[in-house]
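Dear colleague,

Please find below the structure that I am handing over to you.

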Amino acid sequence: RKFFRQDITYLAGPAYAFELMENLSVGISALGLFRSVKVIDNTTILFHPLGTGEYAFYMSHFNLTSYGFIPKLGFQYMPQPNWSIGLVFARPYNMGGSGTGRITSSNIDADGTPKAPAGTFNSDVASTEYGNVFHDIPSNLQISLGSAYFHTREFLLTAQLDAYLAQGDFREFPIR
């Protein structure tokens with residue numbers, strides 16, 4: 001089996017922060033998002049390789065591109081000079097994209113074994129092109145709460161909790 005997944009996301013945009021009080025700051029950012037995903041999954045299955053040499057294969061190749069916008073609002077509170085607490089709210093928005101893919105595989109009998117080869121591509125192999133593959137990014141509300149404690153210049157303790165609220169119309173974020 002050969003499996004390859006490349007998922008690259010670029011975020012860029014302006015940010016602005018200001019101090020509300022001596023130990024409380026607020027920041028906003030407007031990030032543009034570009035995401036590129038490439039997935040290749042090639043599998044070969046041998047059936048009785050020493051006896052008949054029968055095999056089946058499955059090859060898939062998908063390319064997805066997404067564009068979006070992510071506004072963020074953040075707060076930083078410093079109850080002591082060496083302790084910081086942060087809270088960030090973000091919600092991505094889809095602005096477009098595209099997705100294509102192809103799956104090529106051996107034709108299989110009902111019992112799951114490869115069909116006897118007939119010698120022609122169309123009867124031995126099934127190939128399907130996909131022109132409108134799912135490419136949207138989730139647009140659910142994201143909340144992050146974090147804390148940092150600066151014990152010394154060389155030693156820092158951090159903790160962060162991220163919550164992603166459900167999104168009913170997105171298959172990876174069902175309502176729960």
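Predicted model: local features only at pLDDT ≥ 70, side-chain atom pairs only at ≥ 80, totals over all residues.

**Findings**

From the N terminus on, the protein chain runs β-β-β-β-β-β-α-β-β-β.

Residues are numbered from 1 along each chain as its sequence is written, and side-chain values use heavy atoms, with hydrogens and water left out.

**The chain overall**

The protein chain exposes about 12200 Å², of which carbon and sulfur atoms supply 59%; accessible areas come from the Shrake-Rupley method with a 1.4 Å probe, and for residues only the protein chains shown count as cover. Of its 176 residues, 24% count as buried (buried means under 20% relative accessible area, exposed over 50%, partly exposed in between, with a 1.4 Å probe and protein chains only). Among contacts (heavy atoms within 4.5 Å) between residues at least 6 apart in sequence, 60% join residues at least 24 apart.

**The interior**

The largest nonpolar core has six residues: Val37, Val39, Phe62, Leu64, Ile103 and Val133. Such a core is a set of buried Ala, Val, Leu, Ile, Met, Phe, Trp, Tyr and Cys residues joined through side-chain atoms within 4.5 Å. Strand S3 (24-47) and S4 are the elements that give two or more residues to this core. A second, separate core of five residues includes Leu31, Leu33, Ile70 and Ala90.

Leaving aside residues up to four places away in sequence, Val37 touches Arg5, Gln6, Asp7, Phe62, Asn63 and Leu64. Ser60 lies in strand S4 and counts as buried because its relative accessibility is 5%. Beyond its neighbours within four places in sequence, Ser60 is in contact with Val39, Ile40, Asp41, Asn42, Arg102 and Ile103.

**The surface**

A nonpolar patch on the surface, with about 870 Å² of accessible area together, includes Tyr16, Phe18, Leu20 and Met21. Strand S2 gives the most to the nonpolar patch, with four residues. Leu20, in strand S2, is partly exposed, with a relative accessible area of 48%.

Yours sincerely

Definitions and conventions: Patch = residues over 30% accessible without salt bridge, like charges linked within 9 Å, V, L, I, M, F, W, Y side chains within 5 Å. Salt bridge = Lys/Arg side-chain N within 4 Å of Asp/Glu carboxyl O.
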